[in-house]
Number of protein chains: 10
Amino acid sequence: MLYLVHMVVDIPETVPADVAQETIAREKAYSQELQRGGEWAEIWRVVGEYANYSIFDVENHDRLHEILSGLPLYRWMTIKVTPLAKHGSSIR
Amino acid sequence: MLYLVHMVVDIPETVPADVAQETIAREKAYSQELQRGGEWAEIWRVVGEYANYSIFDVENHDRLHEILSGLPLYRWMTIKVTPLAKHGSSIR
Amino acid sequence: MLYLVHMVVDIPETVPADVAQETIAREKAYSQELQRGGEWAEIWRVVGEYANYSIFDVENHDRLHEILSGLPLYRWMTIKVTPLAKHGSSIR
Amino acid sequence: MLYLVHMVVDIPETVPADVAQETIAREKAYSQELQRGGEWAEIWRVVGEYANYSIFDVENHDRLHEILSGLPLYRWMTIKVTPLAKHGSSIR
Amino acid sequence: MLYLVHMVVDIPETVPADVAQETIAREKAYSQELQRGGEWAEIWRVVGEYANYSIFDVENHDRLHEILSGLPLYRWMTIKVTPLAKHGSSIR
Amino acid sequence: MLYLVHMVVDIPETVPADVAQETIAREKAYSQELQRGGEWAEIWRVVGEYANYSIFDVENHDRLHEILSGLPLYRWMTIKVTPLAKHGSSIR
Amino acid sequence: MLYLVHMVVDIPETVPADVAQETIAREKAYSQELQRGGEWAEIWRVVGEYANYSIFDVENHDRLHEILSGLPLYRWMTIKVTPLAKHGSSIR
Amino acid sequence: MLYLVHMVVDIPETVPADVAQETIAREKAYSQELQRGGEWAEIWRVVGEYANYSIFDVENHDRLHEILSGLPLYRWMTIKVTPLAKHGSSIR
Amino acid sequence: MLYLVHMVVDIPETVPADVAQETIAREKAYSQELQRGGEWAEIWRVVGEYANYSIFDVENHDRLHEILSGLPLYRWMTIKVTPLAKHGSSIR
Amino acid sequence: MLYLVHMVVDIPETVPADVAQETIAREKAYSQELQRGGEWAEIWRVVGEYANYSIFDVENHDRLHEILSGLPLYRWMTIKVTPLAKHGSSIR
């Protein structure tokens with residue numbers, strides 16, 4: 001099943017720079033592993049914002065929450081999930 | 001270039017049913033032609049809403065506006081366009 | 001899978017009273033059939049509003065959209081869908 | 001009487017990790033005791049968010065406020081309460 | 001139990017003036033009967049708006065919804081209900 | 001003259017617990033004195049929130065601002081004031 | 001006492017042009033009479049909008065509501081009232 | 001002086017097509033005359049919307065309101081005006 | 001030219017009390033000097049809020065920005081500027 | 001291609017004054033270099049706010065994101081990007 005996920009990152013000023021950098025590095029590795037596994041189908045940068053729109057293709061709600069709540073940057077993110085159905089005009 | 005486009009359709013009560021149906025049919029054909037041409041890369045239904053999220057892959061802003069303003073349902077739509085850049089974590 | 005669904009009904013002034021009443025009657029029958037089938041797990045009235053919060057327990061997004069878009073009052077509704085996951089504190 | 005309650009948790013960055021963890025543990029025990037007593041009828045995780053939707057079945061407003069204001073995480077929560085009435089289409 | 005209720009009235013342009021006036025007259029009688037019965041404890045005009053804030057003192061949610069959905073102007077109102085608990089600083 | 005006042009309290013994490021408690025105690029005494037004097041006519045807790053709705057009955061705007069800006073918790077409050085007029089349906 | 005009042009006018013498409021013009025003319029006369037009487041202290045046009053900000057200097061809330069609800073354009077207006085107190089830095 | 005102006009056009013369904021077209025044609029001529037005169041410095045289409053952002057360079061507020069309220073489509077527009085000052089980083 | 005300016009002050013908890021008091025004192029002096037000079041035409045307190053509505057009468061946008069950005073409390077303020085034109089019904 | 005970009009700056013209280021000043025100086029140099037290169041076509045101050053509206057003329061989304069995310073003040077900014085198309089009434 002497909003979900004559109006909007007993630008906004010806001011790392012507090014008080015987080016030490018090295019902690020932030022290390023967390024961002026882990027985030028990237030975590031994301032790429034899920035992309036290679038096919039569950040994180042797409043990730044795009046919102047121009048000018050520390051935010052992304054992503055497409056997830058996972059088995060169910062619980063799996064999506066497991067993935068999202070496991071994000072290294074999760075506690076500093078605001079996330080909004082939109083479930084997507086097949087569109088009647090889609091040629092896929 | 002990629003754009004995320006959110007379209008909400010609201011056909012006024014006063015539009016005759018046959019006009020609405022005919023317009024919806026033309027919308028579907030219009031969308032599928034652009035999907036086959038590759039510019040309308042994805043279209044998903046937002047669950048429970050007369051709305052979709054779509055990905056467009058077009059040459060520039062003017063071309064996207066030309067496509068969107070040519071939608072048969074355009075005058076009854078509320079559209080929001082978000083430009084998408086490549087994400088540093090993307091494996092594509 | 002569970003979804004919280006918020007539905008607000010707004011029947012336009014121009015709809016004849018008998019059409020409205022007949023549609024509302026069909027809505028009730030439609031809802032009760034799905035309740036008996038187990039997919040429409042709960043429906044509550046929001047106090048003071050022509051609105052409800054409902055819990056749906058369906059197989060996937062497509063099935064939920066099929067149910068919601070088939071509501072007799074669908075064209076006069078504003079619907080918002082929230083996917084629900086199991087909560088770590090739940091004793092169920 | 002039934003209430004839909006939406007709780008969003010936002011633990012400030014300045015709270016020490018052990019204090020946060022201990023409070024979360026107490027929150028879980030507190031919630032489960034009320035679930036077993038029947039007053040906290042349902043709790044669901046909002047996918048991708050540190051938030052839940054819950055159903056409370058309590059005697060009156062004062063009792064609900066007593067329960068909610070007693071939550072160990074209360075001071076770091078944003079809570080919204082919606083009173084629910086019986087719906088005319090409900091088969092319960 | 002107490003509830004703060006905010007009601008905004010918006011009578012559509014298409015409603016004939018005599019129907020509007022007759023409905024407003026019935027609304028007043030309906031309100032005053034409930035005020036005399038004690039369930040509609042207070043009603044105040046919001047200055048400059050066709051709106052009121054009211055206090056209801058009723059037995060439960062179902063009774064409040066019964067009262068509000070029975071308002072002659074109900075279909076042209078936007079209503080918001082806030083449940084009120086006893087305040088720890090109140091001297092009542 | 002009557003005013004509906006909505007107060008939301010948000011004490012910053014950095015305020016020492018004893019300062020917070022002492023201020024809350026002074027707030028309660030301040031409120032009760034004004035209640036006894038008749039100017040703070042009503043105070044109700046919003047269920048589930050560190051907020052209240054109150055009715056003030058004071059001589060004019062300046063007096064209301066004097067009262068509100070003198071609240072011990074004032075600097076940590078978000079306040080919204082709505083002037084109330086007599087309602088044509090009121091039986092008072 | 002002083003109030004800042006924001007008025008937005010939206011005359012429905014279905015109002016005949018002569019009715020609209022005649023109402024606007026009466027509105028102007030009504031406003032100017034109150035300006036000459038001193039209760040409507042100021043009126044400014046919001047640039048680019050069919051809206052104004054005004055200052056009223058009236059005896060109490062009831063009088064302000066009487067004035068505003070008597071505006072010829074009242075039923076097509078959205079009005080917001082803000083009570084103003086003396087500012088500690090004012091030299092008046 | 002410079003102003004950023006955001007205009008959204010929403011022509012009601014009930015306006016006859018020829019009236020709409022004729023008004024749009026007059027709007028274009030009106031806009032181009034002011035562009036040639038230098039007061040309407042820039043006009044850009046918001047991609048996917050019946051809206052524009054424009055820059056006006058006019059003598060004062062009254063002149064801007066005169067221009068905007070004279071737009072043939074004015075009654076069907078929602079307009080927001082933002083005054084612009086010289087920026088300290090500008091090289092102009 | 002006239003502008004309506006809305007200022008909301010929010011001094012962070014971390015600002016030492018003496019710095020805050022000294023800045024507030026300078027703010028008052030700054031405001032009164034501009035009031036005496038005629039550019040800060042009016043200042044009113046919003047009842048119950050650490051906010052004001054003011055009328056400025058200045059030569060142009062740049063001068064207004066110079067005044068506002070020079071406010072001693074500027075960095076802790078949220079400011080919104082609305083340009084005001086002459087109203088057709090004004091008797092001034 | 002053209003983009004309207006709205007930038008709001010909010011430097012946290014905890015940033016040392018010299019760091020803030022040095023960053024602001026680098027921001028200015030960075031902006032002016034891009035202005036001279038033609039990609040940052042316009043920058044205007046929003047009157048009364050620590051914010052600007054800018055026009056960028058760049059080759060594509062990725063380039064715009066590269067520019068914006070490289071802003072020295074980027075981490076303390078809230079940015080909103082609006083893609084602009086040619087307007088049918090433009091004489092350019």
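In the predicted model, the contact between chain B and chain A draws on 28 residues from chain B and 28 residues from chain A. The area buried between these two chains is about 2600 Å², and carbon and sulfur atoms account for 62% of this area. Polar terms are also found across the interface of chain B and chain A, where 16 residue pairs are in polar contact, with both residues of each pair at pLDDT 80 or more. On the side of chain B that touches chain A, the elements giving two or more residues are β1 (2-9), α1 (17-37), β2 (40-46), β3 (51-57) and β4 (77-86) of chain B. Among these elements, β2(B) gives the most, with six residues on the side of chain B that touches chain A. By residue class, that side of chain B divides into 13 nonpolar, nine polar and six charged residues.

Two salt bridges are counted between chain B and chain A. In one salt bridge between these chains, the side chains of A:R92 and B:E42 meet with an N to O distance of 2.8 Å.

The contact between chain A and chain J involves nine residues of chain A and 12 residues of chain J. Together, chain A and chain J bury about 750 Å², with 53% of this area on carbon and sulfur atoms. Of the area that chain A buries against chain J, 75% is supplied by A:E13, A:V47 and A:G48, which is more than any other three residues supply. One salt bridge is counted between chain A and chain J, and A:E13 forms a salt bridge with J:R75 in which the closest N and O atoms are 3.6 Å apart. A:E13 therefore lies within the 4 Å cut-off that the salt-bridge criterion sets between a side-chain nitrogen of Lys or Arg and a carboxyl oxygen of Asp or Glu. Four residue pairs, both members at pLDDT 80 or more, are in polar contact between chain A and chain J. The side of chain A that touches chain J divides into five nonpolar residues, one polar residue and three charged residues.

Over all chains, the count of salt bridges comes to 50. Among the salt bridges of the model is the one that C:R75 forms with B:E13, where the closest N and O atoms are 3.7 Å apart. C:R75 lies in the loop between α2 (61-69) and β4 (77-86) of chain C, whereas B:E13 lies in the loop between β1 and α1 of chain B, so the pair joins two chains. Other chain pairs are without contact: chain E and chain H do not touch, their nearest C-alpha atoms being 14 Å apart, and chain C and chain I likewise do not touch, with their nearest C-alpha atoms 30 Å apart.

As to the individual chains, the secondary structure of chain A comprises two helices and four strands, which follow the pattern β-α-β-β-α-β when read along the sequence. Taken along the principal axes, the C-alpha atoms of chain A fill a box of roughly 50 × 25 × 20 Å. An unreviewed UniProt entry lists residues 1-89 of chain A as "domain: Muconolactone isomerase". Over residues 1-89, chain A is 34% helix and 36% strand, and the end C-alpha atoms are 18 Å apart.

Strand β1 (residues 2-9) of chain D runs antiparallel to strand β3 (residues 51-57) of chain D, and seven bridges join the two strands. In this pairing, D:L2 stands opposite D:D57 in β3(D). β1(D) is also joined to strand β4 (residues 77-86) of chain D by eight bridges, again in the antiparallel sense, and the bridge partner of D:L4 in β4(D) is D:T82.

Note on methods. Residues numbered from 1 in each chain as written. Chains lettered and ligands numbered in written order. Predicted model: local features only at pLDDT ≥ 70, side-chain atom pairs only at ≥ 80, totals over all residues. Heavy atoms only, no water. Contact = heavy atoms within 4.5 Å. Buried area = accessible area lost by both parts, 1.4 Å probe. Polar contact = N/O pair within 3.5 Å; in protein donor to acceptor, adjacent residues only side chain to side chain. Nonpolar A, V, L, I, M, F, W, Y, C, P; charged D, E, K, R; others polar. UniProt positions renumbered as here; feature names shortened; annotations may be inferred. Pairing = 2+ DSSP bridges.
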